[in-house]
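Thank you all for coming to this short talk.

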Amino acid sequence: AEIGSLVALASRCPGDEVYLLGTAGLARWSQDGPSQIVYLASLEQRVSRSLLVGVAVGLVLIAILIAMAAFVYRKYRRGPPRRWSITDGLVGVTTFVIIQGGSQLVLLAVWGVSVEDPLGLLISFLAGALTACGWLALRMRQSGLEAKDIGLHLRGDLFRELGWGVLAVLPAWLLVAGTVFVAEWIGLPSFLYTQEAAAAFMTQHEWPALLAVTFIGVVLAPLVEEILFRGFLLTAIRRRWGSVPAVLVTAALFGAIHIEGMLTVGALGFAFAVLTLWRRSLVPSIVAHAMINGASLLILFLA
């Protein structure tokens, strides 16, 4: 992503050839030929182990302090229980990101598990998901929310809701395709609408690695991300600001936490949010999310 941004910047610089040095490596842009990565350093080579340990411990401590502060505030605060708020949803999403990132750094610094290792990604994803969902479940209990209040229920017949999820795949794909077309037409850096890092996972043909990536993409990610973004966060923002801000804000945050391909992921977040509000259930969006992820992984594997 960094190299892509710098090469895009170099294309507007004077001269026939430009060299670009960043934290990720060295790139060369030539006016007469394609850009070329001269040297690409992995995260393990760029950052010392002691720094990784420090950052990982810091992130975990931040998450622990957030949880402790929330517990103390809830225990000693006078008055009736605090209602579910936008802050609760944001804390859940932030906790998920922090714990997942901190777990990846701990695995790398202590056991040498690369951040590109699918099994390491599975462990870190589970750590972030369990922590965030645990916190949000606690807040639900404290604020008197039920599962149906965040869309964890069936509006009607199960097969009908599954069918709406399947039918939503095509419009969501068309929205993503339109986003890519506009981004390319404007000339935006490709990392904003492509996910090359995700594609790299599918180049590993060891079955444990492929199963880990598939389990994350088809099972864990749809469940956890839909509950966090379209369940807790969308519900809270909609209650406070209305449906349109809720859709736009959750879509933007959903794209932002993925960083790479944030525009296309944000477009999917928009589609899933609209589907959730329309059906008043998370089931269709979970199904659509799982099918799109599964189809994407299959295409990358076959390619």
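How much space lies in the largest cavity? The answer is about 40 Å³. Before I go further, please keep in mind that this is a predicted model, in which local features need pLDDT of at least 70 and side-chain atom pairs count only at pLDDT 80 or more, while totals for chains, interfaces and linings use all residues. Residues are numbered from 1 along each chain as its sequence is written, and side-chain values use heavy atoms, with hydrogens and water left out.

Rolling a probe the size of a water molecule over the atoms shows where empty space is left. On a 1 Å grid over the protein atoms alone, a cavity is a set of points where a 1.4 Å probe fits but cannot get out, a pocket is an open set with protein on both sides within 12 Å along at least five of seven lines, and lining residues have an atom within 4 Å of a point. Grid points are joined across faces, edges and corners, and a volume is the space filled by probe spheres set on the points.

The structure holds one cavity of 30 Å³ or more. The largest cavity is lined by Gln104, Leu107, Val113, Ser114, Val115, Asp117, Gly120 and Leu121, with helix 4 and helix 5 each supplying at least two of the lining residues. Helices here are DSSP runs (H or I, at least four residues), numbered from the N terminus.

Turning to the second largest pocket, we find a volume of about 270 Å³. Its lining has 14 residues, and those closest to the centre are Asp149, Thr235, Arg238, Leu277 and Arg280. Two or more lining residues come from helix 9 (207–241) and also from helix 11 (262–279), and helix 9 gives the most, with five residues.

Now to the charged pairs: how many salt bridges does the structure hold? There are four, where a salt bridge is a side-chain nitrogen of Lys or Arg within 4 Å of a carboxyl oxygen of Asp or Glu. In one of them, arginine 139 pairs with aspartate 88, and their closest N and O atoms are 3.0 Å apart. Arginine 139 belongs to helix 5 (residues 118–143) and aspartate 88 to helix 4 (residues 86–111), so that this pair links distant parts of the chain, 51 residues apart. Both arginine 139 and aspartate 88 are buried, a word that stands for under 20% relative accessible area with a 1.4 Å probe and protein chains only.

Another salt bridge joins arginine 279 and glutamate 161, at 2.8 Å from N to O. Because arginine 279 lies in helix 11 and glutamate 161 in helix 6 (residues 158–167), the pair ties together parts that are 118 residues apart in sequence. Arginine 279 and glutamate 161 are both buried.

By contrast, arginine 230 and glutamate 226, whose side chains meet at 2.6 Å from N to O, both lie in helix 9, four residues apart, about one turn of the helix.

Finally, let us look at glycine 165, which is found in helix 6 and counts as buried at 0% relative accessibility. Its C-alpha atom is separated by 8.3 Å from that of leucine 275, 110 residues apart along the chain.

Definitions and conventions. Buried < 20%, exposed > 50% of the residue type's maximum accessible area, 1.4 Å probe, protein only.
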